[in-house]
Amino acid sequence: MQKGIRLNDGHVTYLGLLAKKDGTRRGCLSKKSSDNTKWHTKWFALLQNMLFYFESESSSRPSGLYLLEGCVCDRSPSPKPSLSAKECLEKQYYFTISFNHENQKALELRTEDVKDCDEWVAAITHASYRNLATEHETLMQKYLHLLQIVETEKTVAKQLRQQIEDGEIEIERLKSEIAGLLKDNEKIQTNPTAAPSEDDSEIKKIKKVQSFLRGWMCRRKWKTIIQDYIRSPHAESMRKRNQVVFSMLEAEAEYVQQLHILVNNFLRPLRMAASSKKPPITHDDVSSIFLNSETIMFLHQIFYQGLKARIASWPTLVLADLFDILLPMLNIYQEFVRNHQYSLQILAHCKQNRDFDKLLKQYEAKPDCEERTLETFLTYPMFQIPRYILTLHELLAHTPHEHVERNSLEYAKSKLEELSRIMHDEVSETENIRKNLAIERMIVEGCEILLDTSQTFVRQGSLIQVPMSEKGKITRGRLGSLSLKKEGERQCFLFSKHLIICTRGSGGKLHLTKNGVVSLIDCTLIEDPESTDDECNGQDMEHLDFKIVVEPKDSQSFTVILVASSRQEKSAWTSDISQCIDNIRCNGLMMNAFEENSKVTVPQMIKSDASLYCDDVDIRFSKMMNSCKVLQIRYASVERLLERLTDLRFLSIDFLNTFLHSYRVFTTADVVLDKLIAIYKRPISAIPARSLELFFASSQNNKLLYGEPPKSPRASRKFSSPPPLAIAKTSSPNRRRKLSLNIPIITGGKALDLAALSCSSNGYASMYSAMSPFSKTTLDINKLYVSTPIASKIPDEGESKSDRAEESTLAKQDISVREESDSEQVQSDDAEAESSPTKSPTTPKNVKCKNSSGFPTDQRNGDKEFVIRRAATNRVLNVLRHWVSKHSQDFETNMELKMKVISFLEEVMHDPELLTQERKAAANIIRTLTQEDPGDNQITLEEVLQMADGGKAEPFENHSALEIAEQLTLLDHLVFKVIPYEEFFGQGWMKNDKNEKTPYIMKTTKHFNDISNLIASEILRCDDVNTRVAVMEKWVAVADICRCLHNYNAVLEITSSLNRSAIFRLKKTWLKVSKQTKTVIDKLQKLVSSEGRFKNLREALKNCDPPCVPYLGMYLTDLAFIEEGTPNYTEDNLVNFSKMRMISHIIREIRQFQQTAYKIDHQPKAAQYLLDSSNVLDEESMYEASLRIEPKVPN
């Protein structure tokens, strides 16, 4: 009897040598002996599915062979070392090969390199052909299943053929019977006398058979028709439509039930409580919290009953008439949605009353509520209108175009979408008003200007106000002192028309400072105030201060000096303040110049321009107005967005910020820059033709509307070389004139009264007579560019003198003007430059500008064109400065764009008409682009990581809770502040290549997880329960300190680690945690809870002042909701600018927190502990440690 299998020894030896030479994997491995006591080092070679092993690499004959087909190879944990073991197990890695054969022992191997171990496991797994075997088994099962189906089909086909044959036989038999009966019938007709009674019975039988056959044929044909219809696309669409209706019925039933719980479990009991002797809440507060929710419930109960009646008449489901009844009554949602945020604020305020909070918890504990809070129920109506819109979208998708209620459903959808837009706009406008009112309530003295609905909130933050000495000089000696930072810290709020400066009291209330309400129309911003020789102290504050010179009409002028914490924050503040000032002044300048010789005002020009409020094929408007009282854009083409950016009549700050944040989504930087260059070179094209007609039409000359257009000497810019230096100094338009300076156009230097220039065209000519001559050109309103140049007219000296004489005479008659001589002007300019180069000219308050009607119309129009060119230059420089200062990364990553901007600005500086202030503004932009940003004095994340690299970190107990909280806050802010805002577009953090698209967001997420793992590992490392409790309480103290530091990200890091399953299950440990610590944990968890879309965290962020580290995941959730719900483009290929505006608002809030740095000193030891990941456990190890500390109790 044969006991073993005979093998060809020579063939096996040949295969072994072949594996040793050409094997897919070769190397030394340690093999466990059969008695599991020792490890022997062998030389292994893998060939296809055979694993040979040799005694050594030089052996020529294999010692053994393993067939790997069907085996399983996995990594195995390291065994616990025995006390007598001499081997170092830390550097050895194990893996096991399990065979499917019976009585086949598993092969245990080990290696000293983790990479080698993984490669062996992968190679053996591939050689086992297990995937092929699994796939073969799956295919065999499918094959057997198909065989069964084929056999079944054969049986059914055989039965059907048999039935058909039986039917054919029966038909032939019946045909023969019918033929015989017909013959008998003919015989009866030929023999009418013979009428046997038996034939009548036979005829009846035949008729029955015929009737049966007809019925059978009809049923068979109808069955075929039904089956074809069931398989048709129309039937499939109707089935899906019916399913949508059934789902809508279920959703409506659930919504009615939610409203019923809201009214019966909360509203009505609280009304009764408000009528008690000791009411925990007033009736007004009840009405403010619940609004008209009871009316909404009644409405939807009626709608639900109608839906059920329609379902009862299934399959005829007609719903359009129900929506026709519902639509007029859905306006009640406007009140609910408009006041929803206010409702939640009132509820939060009432919860501070202990009696009310206790009563509310009793209501929420009822079984019907299913552990849902009142805030949750109040949020349900907010999503009902969008839910109806989505349902109608699905219904229309499965409703044929010829369906009877197709048009009615489309009408209902359009009405609901219109209502949704109105509600969205009203919520946005209401939120802006409530934001202003919330700030007004925080100010103890009150602030009436915030009650103006046209005030638009721009930004807020902490700045240091530097006091002025009696001589009016900045006391820089105290700039760097800590006492000044505490004394001079101010809470600043910037609005579209005012800047409010407050101090914060001990109770969190705000107090207005002296001259704390600054009207921006009276301000001049000086971004880089120059210091004298004796003002060189405080180097840490150098280049961080900026000055606002305020010259009110009815009081004495004063100066406000503010210091930011970083250059980035200073740039953001100065850019926004400058934008607000320029908007106010440019609007006033255009209005003053337009109204000079025409009865048409700027508001009339805007009102007459239908493109600003009427929807068109390439633009759609919302119902909400911006700060310029112009309707906001909802959808628009790229051309219309660029047109709005360069419209000289107005520019909304919100639009500019949104455009610069989001333009990369729908256009490129080169297109934007080309548009700005085109507006600078052809400024007339920045005003629509209709407005230009009104602009140039005066009460005395209307030839423009009916005859030839006026001739303009300066309709476009033509220059190639810089102006002479002498002209730049002596013939500057910035002359010492005592004119009305109500509307200066450039900040940061001397102001120019262009309104006064439009009053006296001769004065204008005298001011610019020394400059290079301008060519006369014809202004074609239809083409909006210069068409035909005419011979230039150069004024001679006689003309110049007569103009001056005439100007002086008119000045004495009409306005009080004191113009110095040329020599006096040079001296005064020089003196002014020596004393203070950035000093603003004084402004008399009793100067009035009157119109002189004795000048030619084309000369007055030339002055208007001068105003347009000044406004165009101002707009281009303003947008560029905003772009360069707030979005510098666009130019850092695109050198071609950077050089193009610099080249354009150098060309602008060569313009002989350029004002001194404009040339200075262009030079400042060039300097900002070319100089390297030194950044702030805060340490960078790379420096912290470099200092923490190397060396052993000190243990947790060696650091105080305050040290850890401060360093954790510093690290969190350093990680948070470097996230570029481009990563917030497109949901890149949710894509497969998220590490390439959003590397900084992924670093922030990794940092959050690392800190959370560190905290959990530190707790689980303690074997003693008292030590573990002390560590937990210390981390809770760290979290509470982080809350005081406004580091809500760290609060969530710590609370999430305490809520991990490995920590949360330690019941014995939690029993020893003090009651006070548990109270703090509950307070912190409530603060960062995700309930109500992080309602409490949002409220805390709204009330806190930077610096602050918010939880990034909250903003990412908002952005994902916006991205998922709304596309970037409409069906008409228009840019969804409303979506861009929502994303921009979120990014602005994030960047506000990024720009303000913490004043925390870096402590290397504590930071090194937080960054040390050597002792951090993974999730599985944490749970194993938790089970070791407190094993599971068997049930």
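The questions and answers that follow concern a predicted model.

Me: How are the planes of Phe956 and Trp1035 arranged: stacked, tilted or edge-to-face?

Reply: A pair of aromatic rings is described by the distance of the centres and the angle of the planes. For Phe956 and Trp1035 the centres are 4.9 Å apart and the planes stand at 15°. Planes under 30 degrees apart count as stacked, so the arrangement of Phe956 and Trp1035 is stacked.

Me: How many residues apart are the two members of that pair, Phe956 and Trp1035?

Reply: Phe956 is in the loop between α32 (941–948) and α33 (961–977). Trp1035 belongs to helix α36 (residues 1025–1044). The pair thus links distant parts of the chain, and the separation is 79 residues.

Me: Is Trp1035 buried or exposed?

Reply: Buried means under 20% relative accessible area. Trp1035 has a relative accessibility of 0%, so Trp1035 counts as buried.

Me: Which class describes the pair of Phe1008 and Tyr1111?

Reply: Phe1008 lies in helix α35 (residues 999–1020), whereas Tyr1111 is in the loop between α41 (1091–1103) and α42 (1112–1125). Their rings are 5.8 Å apart, centre to centre, with 45° between the planes. Planes under 30 degrees apart are stacked and those over 60 are edge-to-face, the rest being tilted. The class of the Phe1008 and Tyr1111 pair is therefore tilted.

Me: Which residue has its charged end over the ring of Phe956?

Reply: The ring of Phe956 pairs with that of Trp1035. A charged end also sits over the ring of Phe956, 4.4 Å from its centre. The residue that supplies this charged end is Lys1034.

Me: How far from the sulfur of Cys1044 is the nearest cysteine sulfur?

Reply: The structure holds zero disulfides. A disulfide requires two cysteine sulfur atoms within 2.5 Å, and Cys1044 is in none. The nearest cysteine sulfur belongs to Cys1042, at a distance of 9.2 Å.

Me: Is Cys1044 buried or exposed?

Reply: Cys580 has a relative accessible area of 0% and is buried. For Cys1044 the value is 51%. The cut-off for exposure is over 50%, so Cys1044 is exposed.

Me: What accessible area does the nonpolar surface patch that includes Ile230 have?

Reply: Ile230 is part of helix α4 (residues 198–230) and is partly exposed at 43% relative accessibility. Together with Trp222, Ile225, Ile226 and Tyr229, Ile230 forms a nonpolar patch on the surface. The accessible area of these residues together is about 500 Å².

Notes. Residues numbered from 1 in each chain as written. Predicted model: local features only at pLDDT ≥ 70, side-chain atom pairs only at ≥ 80, totals over all residues. Heavy atoms only, no water. Patch = residues over 30% accessible without salt bridge, like charges linked within 9 Å, V, L, I, M, F, W, Y side chains within 5 Å. Areas by Shrake-Rupley, 256 points an atom, 1.4 Å probe, with all protein chains shown as cover. Salt bridge = Lys/Arg side-chain N within 4 Å of Asp/Glu carboxyl O. Helix = DSSP H or I, 4+ residues; strand = E, 2+ residues; numbered from the N terminus. Buried < 20%, exposed > 50% of the residue type's maximum accessible area, 1.4 Å probe, protein only. Phe/Tyr/Trp six-rings, centres within 6.5 Å; stacked < 30°, edge-to-face > 60°. Lys NZ or Arg CZ within 6 Å of the ring centre and 35° of its normal.
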